[in-house]
Every structure is written in structure tokens, then in C-alpha cells.
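Trainee: Could you show me how to read helices and aromatic rings in a protein model?

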2 protein chains.
Amino acid sequence: MRIRALIVAYAGLLAVFIAYVYHYQHDVSRIQSVNEDTSPFYGKPDEKYVMVTFQSGMDYWKRCLKGFEDAAEALNVSVEYRGATQYDVNEQVTVLEQVIARKPAGIAVSAINPTALTKTINKAVEEGIPVVLFDSNASGSKAFSFLGTNNYSAGVTAAHEMAKLLKNEGKVAIITSPHQLNHQERTRGFVETIYQKYPRMQVVAVKNGKGDAMASKQAAMEILKDYPDVQGIFATEANGGVGMAEAVKELNKKEIKLISFDTEKQTLDLVKGGVIAATLAQGTWNMGYWSLQFLFHLHHHLTSPSRSGDSPLPTYVDTGITVVTRENVDHFYAK
Amino acid sequence: MRIRALIVAYAGLLAVFIAYVYHYQHDVSRIQSVNEDTSPFYGKPDEKYVMVTFQSGMDYWKRCLKGFEDAAEALNVSVEYRGATQYDVNEQVTVLEQVIARKPAGIAVSAINPTALTKTINKAVEEGIPVVLFDSNASGSKAFSFLGTNNYSAGVTAAHEMAKLLKNEGKVAIITSPHQLNHQERTRGFVETIYQKYPRMQVVAVKNGKGDAMASKQAAMEILKDYPDVQGIFATEANGGVGMAEAVKELNKKEIKLISFDTEKQTLDLVKGGVIAATLAQGTWNMGYWSLQFLFHLHHHLTSPSRSGDSPLPTYVDTGITVVTRENVDHFYAK
């Protein structure tokens, strides 16, 4: 009887074991299928996406890259950051060619000017490498999308903010870089909004600040000399903001409302100190994040089901503008 | 000895079993952690996203909904389609209120007009329900983003296409709905492009087609009577396209180049038959797909790391335009 009892126990154990093994295989395949079949948003760590900029050491790119990296982490892929170290067209073309030669899964490019990179970008696309543009467009190229600030809208936002600061009344001026398209558009958005929406306001001067703090300071001095009743100045780029702040400090005219652009540390300090009333922050994290999302979608064929000639992705993404004042400035210092 | 042999076998089997169970638990937790820790793009099937339209039976919405559904499938969440059956403001407000009451994970709304839904949309956002707008905007609302066609750009595209058809020379006319903003913008993009880029072309008439095929036919007849040398007509909406096609057939003036809008079956048939030279397809799949992606990002807090007042998502997505001609028309029939 002992032997029979052992055999029965033995058989029972075997049955449990078999049942368990069956259950295990079933479970594992179910879990694996959940992971593999239903999450297309899961790449391979050796799948590399490259961000290419110019003046690659600028603070401005940091938050673009952070968005790019955050998306890469979420999608389980790798990123690399490359760029021309200088403001040098040929250097950026060379860097981009080197990146293409290594056949990455996708490239996000900020173009140093609207035409110089077009040929190189088109070569990448023709070789089957997904390319999107961010921050600065090359609209004649075959890149699939552009993600950046709508500069006209940014100018409109600046105008509304200026009107709020001046209670819808008074003379204002602009310091800009008149030869760059993005600055022309910021200027146009500002001027047209003041003209159309604020009849008791007037833009009395538009000066060339040459993208330089010293030249912009000089421009601001001239404005304040020629129009002593000017009550506000909008600078369409960061160095212009620093320059006009210096002019206002030197002339001890701190009552003049200044609006600047971007969120360099120097600008933020001037906002915090109350010299600059507001500055406009671009949606840089969104530029990087959605650039990588778009490239991943192209690489994995997750875009619009192909119709001949159909745009596989949205052609333009406006990443938005945020008004930074003393109240929220602390959130904008790099962490 | 037989008993001892059985006991040894028994012990061995038990050891294998224990080892197996251990291995199984380890494996399952490893696989689950791959899935749970590394793919944030994996929702719950009971997580429901709702698309809300007006004239909800229109063919036009089908491809928007397809994009919405495709994104939902990829993200493992559920969708629901609701809408006002008629072109009725109050009905859409009521439908939207009913949807909000059920606290979905997110809502994508196409607004019947720019203002009527603002209060209801704001209520949803204040209650913590993510809302984006697609196709038709309500720009004063608290919705997080708008995804749709840039109608001015669509008009620009139509102008370039018309110039190509007419070899940059000749008189053209427009049939539009002058009281609707999107049609005003399509008209403006067309007129300004012809004026600025094609000095040997001229827009000689802009007529009200009332969004109706009969009225548009009448408008086209008048244009062709008043300006017998008109060589092309651009209709900014689908019924206008059908109407002008009828006029051209009736007057046996098939040499006149017609450009229409959207991809209703009747329009596609006219393109296939060579009566309409080209029609403009909107990026409807992208509207739906990226609306759901954006809502999912908001619901799961995957958006831009919060800076006070910062826009968590891109504020505007231009979903693009595709020119449909006889060559690619077959791809645009609903499948």
C-alpha cells in the first residue's frame, strides 16, 4: 500500500506540473503578445536619431534636445546631438553629410538658412532617411515637416502684451534684425496688431539692432533721443533685449516697458530684476519632442496610410509662445 | 530499494518543479516590467476618447475618425464617435455636455462655429478633461491645441495649381461662401498668390455659391456669361465644385480648368471623368490621428514638463493639403 500511495502522489504531482507548464506557456505567450503586438511605440536601443544644429553650444538648443531625449527614452531608442560649432553654412553642410553617411533612423535639422541645406536634406530623403526640420525651416526641401514658432503670431502676442502694459495707449518702437525672415515676421505681427487693434497706440520707429547687444543699445539710445515720449520697446531677439535694457538703465528711464525674446539667463535675470517687463519663450521642448515622435513614426511606417502624394505627416507644427514675466520667470531657468 | 528509488525520483521531480516555478515567476515579472516600465504609450481599454462633430453623417468625417481609431488601436485605448446629426448649434452643445458628463479620458471637437461651444469646452477643461479642436477651431476657448487645414495655404496651393494648368496666363474666377472664415481665407490665399506671383493672370470675379450646388451652378453660369474669356474657376468647397462642373457641361465649355475642394465621391468622379482638373484633399487622417495622440499625452501627463503658463502641446498643427488629379484620384475613394 505504501508504494501505491507514493505512485498516486507521484502521478498527482506530475499532473500539477504539466498543468503548471501549460499555464506558464500560455501566460508567457499572452504577455509577450501584449507587448509585441499592441505597442508599436517601442523601438530598439540601437535605433539612432540625430539632432543637427548650428552654433551648437548655444543655450537655446538645450531644451530642444531635452524634448528630443525625453521622447527617445519613452520610445526606447537612442539619440545623438551634432552640429556646426560656428555660425558657418559650410560647416553645417559637412556635419549633415557625415550624419547621413552613417544612415541613422532619422534626422531633425535646424537649418542655418532657408536654402543652403536643401540639396543635402533632399539627398537624405531620397536615400530613405526620414528628415524633419525644427526651429528654422528650409521650406523648399523634401523634409517631411517643420516644427517651430509661428513668428508672425509671436509678434501678435508681443503687441497684445505691450498694449496690456501700456493700458492700450502710447508710442512704441521695435529693435530687430531686418534682413532675417523670422525677425521680419515678428515685426510684421507686432506692427499690424498695434495698427489694427489699438487705435490709441502707434509704432514710431523700427531700428536695426544687428543681433548685437552693443548695436541694440545704440539703437535704443537713438529711439529715446528722437522720440522722448516712447513708452515701450519690443526687441525681436535676445541680444536686442539686453542692449535696450542697458540703454534704459543708463538713461535712468526704467518706466519704459521692454519686451524681449527667448529665455537666455541674462534675459531672465533682467525680467527678474524688473528691467524687462516680459520676454517670449518659444516651445523648444515641444520642437524636440515632436520632431522625434514624427521621425519615429516615419521610420516605423506609422504615418497616414499611403495615398499617392498624400502628406504622411502634418506639414507644419506651431510649437507656441509663452509670455514670461516676473511672476513665472523662476520656472524658466535651466535646471 | 524500490521505495527509495521512488522517493529519490519524487524528490528530483519536486526540485525540478520548484526550479520551474521560480523561473516562471522571474520570467513573467521580467516581461511585465518590459511592458509596463518602458512603454508609456500603452493605455487601458476602458480609457475612452470621444470625437464630437456636427452633421455627423457626412462622408468628410470618416477619414478623421479612421485616424482617431488607428491611433486608439496603437495606444490600446477605446474611442467613441458622437455628434450633432444636423447643422445645429444647440444640438452640438447638448451632445458635448452629455459627453462631458460621462468624464471621458479626452475629447476631440470640431466646432460648428468659432464661439458657440467655447463655454462648454472651457467647462470640460476646468473639470480636468483634456480637449483638442480639429478641422474647425474655436480659438477663444481653453482647448489645448487646434489641428486642421491652413486655409490660406490651401488657397495658395490652388493658385499655383491653376497657374500650372493655364501655363501662368489668363483670367480666373472664384466661387465661395463669403461669410465663412475658412472660405474667406482660401479665397484670400488664392487671390493674393495670383496677384503677387502671376502677373499675366487675373482674378476677375468672386461669386457667392452659398455652399449649394444649384446656387453655385447659377454663379458659374453668370461668370461665364459676364466674362466669356475666363479660363479657370476655383470653388472653395465641394458643392461649389459640383455646381460649376454642371455649368461647364451644360454650356459645353469643357476646356475651362476647374479646381474644387475635398474628396466627396461625386467630386472624385468628376476628377476621374476629366471635368474637374484637380481637387484639394485635406489631411483628415492626420487630424484624427494626432488629436488622439495629443489627448493621450495630456491624459497620461506625457506633455512638455510643466513650466508655469507654458503651452503643454503645440498650439496649432497644419495637417496639410494634397492636390488630387486624374493621376492619383483612385487612391482617394473610400475603402
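This is a predicted model: local features need pLDDT of at least 70, side-chain atom pairs count only at pLDDT 80 or more; totals for chains, interfaces and linings use all residues.

Trainee: Which residues of helix H4 in chain B are buried?

Mentor: First the general idea: an α-helix has 3.6 residues a turn, so residues three or four places apart point the same way. Now the case here: H4 of chain B covers residues 118-126, and its buried residues are B:Thr118, B:Thr120, B:Ile121, B:Asn122, B:Ala124 and B:Val125. Helix H3 (89-101) and strand S4 (131-134) of chain B are among the elements covering them. Just after the helix, B:Gly128 has a positive phi of about 90 degrees.

Trainee: How many aromatic pairs are there over all chains?

Mentor: There are 20. Take A:Tyr60 and A:Trp61: their ring centres are 5.3 Å apart and their planes stand at 75 degrees, so we call the pair edge-to-face. The cut-off for that is over 60 degrees.

Trainee: Are A:Tyr60 and A:Trp61 buried or exposed?

Mentor: A:Tyr60 counts as buried because its relative accessible area is 11%, and A:Trp61 is buried at 1%. In chain B, look at B:Tyr289 and B:Trp290, an edge-to-face pair with centres 5.0 Å apart and 75 degrees between the planes. Both of these residues are buried. B:Tyr289 and B:Trp290 also belong to a cluster linked by ring pairs, whose members include A:Trp285, A:Phe294, B:Trp285 and B:Phe294.

Trainee: Which ring does A:Arg186 lie over?

Mentor: That's A:Phe261, with A:Arg186 over its face at 3.8 Å from the ring centre. In chain B, the charged end of B:Arg186 sits over the ring of B:Phe261, 3.8 Å from its centre.

Notes. Residues are numbered from 1 along each chain as its sequence is written. Chains are lettered from A and ligands numbered from 1 in the order in which they are written. Side-chain values use heavy atoms; hydrogens and water are left out. Buried means under 20% relative accessible area, exposed over 50%, partly exposed in between (1.4 Å probe, protein chains only). Helices (H or I, at least four residues) and strands (E, at least two) are DSSP runs, numbered from the N terminus. Contact means heavy atoms within 4.5 Å. Rings of Phe, Tyr and Trp (its six-membered ring) pair if their centres lie within 6.5 Å; planes under 30 degrees apart count as stacked, over 60 as edge-to-face and the rest as tilted. A charge sits over a ring if NZ of Lys or CZ of Arg is within 6 Å of the ring centre and within 35 degrees of the ring normal.
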